[in-house]
Amino acid sequence: MINALYYPHTTIQNEDTLKQGLLFWDSIETIVPQSNHPLPQGMSPLVRRAHEVLVREHLPSHGEQLKAHKAIADVVARGLPHWVFGGPFNPRRRNDWPQHLIYPQKFLMETWHLLGQKNLSSLDRASRDYQVPRPVGLLLMSVLAEQCAGGTRERITDRTDAYAWLTRWLLARLGGTALTPHNKISAGSARRRLATISLDLVSSKPISLKRLVEVREEEARRPGRGLREFRAKYREAVDTYVARLTTEARGDADVATILAEFKASMRSDVANLRSELSLEKGKLLFNEKVLVAALIGASVFVPALPALLAAKAAVAAFGALGTAAVVRSALEFEGGKRSALSRHSMSWLYLTAS
């Protein structure tokens, strides 16, 4: 399984994040306070369908919460670095910041007691959730996401500042200082750029969330069709360039060069795929014409319809022999089509855009 873990929120409401998830991941886990956590009442039917096909719950284990608590306690003991708030922070004025609500169950009660002692959290009487200054909330969820993701899930977010908090927190643990702006590109940003480039190569119009949901629902209904394998092949090709963008690129010129190489490679792949599929379609049409000619030779009436409809109409008169020929032709076409699709990285997008 190719999985990711989303943070900082419990549900994914951002449609662009859902589209990226449907393109790349088998599933995305979200950190929930309890099992069977209900989706928001106001969630649109389409976003709800996307959740059903893509999103899975991750209930933090005691071990994950304990590791998160130790990390948070370490940061608090050192004193929150100034870069968390962009300057010296006065806990007595924490309400000057926009507040971030967090379900109590996501963390140990020891964590909330610790934060309360430092005047960094308080219980919201209306919701019974804990409220913390927004920068602290992002920091807390980044810490928890690191523990829940482990080494098998990529962390993703629609809050780019959450990535920054996590990076800076990790650096602070090592005794470093805040990072300054640089030209390095994140994995999430790299994947978004590569997805946009490859989508433009197969369709002149954006692929809708509705279409992506439909394809993933079809994948779930018919696992033998190969859609998951095609998606995995596409993701593998993208990940190769994600790795290059996040490790090789030292500046804008390097990023532009790698993106151009990706575009050229995927454009060639699409062109070759279309050529192979055209050949397979030609074989199918040829076989149908041969069949129709045979039926005409047998004095069977064939109306002036397109080749495929003519073949179907003739089959009714021609009987079992005609049916067998059509079935054999169709099977050969499907086999050749699948063989062609399996050889190309862009097959997943090609089918999705069709």
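**View 1. Strands S5 and S6 are joined by two bridges and run antiparallel.** Helices (H or I, at least four residues) and strands (E, at least two) are DSSP runs, numbered from the N terminus, and two strands pair if DSSP finds at least two bridges between them. The model shown is predicted: local features need pLDDT of at least 70, side-chain atom pairs count only at pLDDT 80 or more, and totals for chains, interfaces and linings use all residues. Residues are numbered from 1 along each chain as its sequence is written, and side-chain values use heavy atoms, with hydrogens and water left out. Leu123 has Tyr130 of S6 as its bridge partner. Six residues lie between the strands of this hairpin, in which Arg128 takes a positive phi near 65 degrees.

**View 2. Three strands form an open sheet in the order S4-S6-S5, with antiparallel pairing.** Strand S4 (99–102) and strand S5 (122–123) are the edge strands, each pairing on one side only. Four bridges connect S4 with strand S6 (residues 130–133), and these two strands run antiparallel. Within S6, Gln131 stands opposite Leu101, and Pro133 stands opposite Gln99.

**View 3. Helix H5 (residues 134–149) lies across S4 and S6.** The helix runs at about 110 degrees to S6. Axes are lines fitted to C-alpha atoms, for helices over the stretch in contact (heavy atoms within 4.5 Å); angles run from 0 to 180 degrees between N-to-C directions.

**View 4. Helices H1 and H8 form a left-handed crossing.** The axes of H1 and helix H8 (residues 209–221) come within 10 Å and cross at roughly 30 degrees. A crossing is left-handed if the near helix is turned anticlockwise from the far one by less than a right angle. H1 contributes Glu15, Leu18, Lys19, Gly21, Leu22 and Leu23 to the contact, and H8 contributes Leu209, Leu212, Val213 and Arg216. These residues divide into six nonpolar, one polar and three charged.

**View 5. The second largest pocket has a volume of about 510 Å³.** On a 1 Å grid over the protein atoms alone, a pocket is an open set of points where a 1.4 Å probe fits, with protein on both sides within 12 Å along at least five of seven lines; lining residues have an atom within 4 Å of a point. The volume is the space filled by probe spheres set on the points, which are joined across faces, edges and corners. The lining comprises 25 residues, of which Asp16, Thr17, Lys19, Gln20 and Arg192 lie nearest the centre. Two or more lining residues come from each of helix H1 (15–24), strand S7 (154–156), helix H6 (160–173) and helix H7 (187–202). H7 gives the most, with six residues.

Note on methods: Ala, Val, Leu, Ile, Met, Phe, Trp, Tyr, Cys and Pro count as nonpolar, Asp, Glu, Lys and Arg as charged, and the others, Gly among them, as polar.
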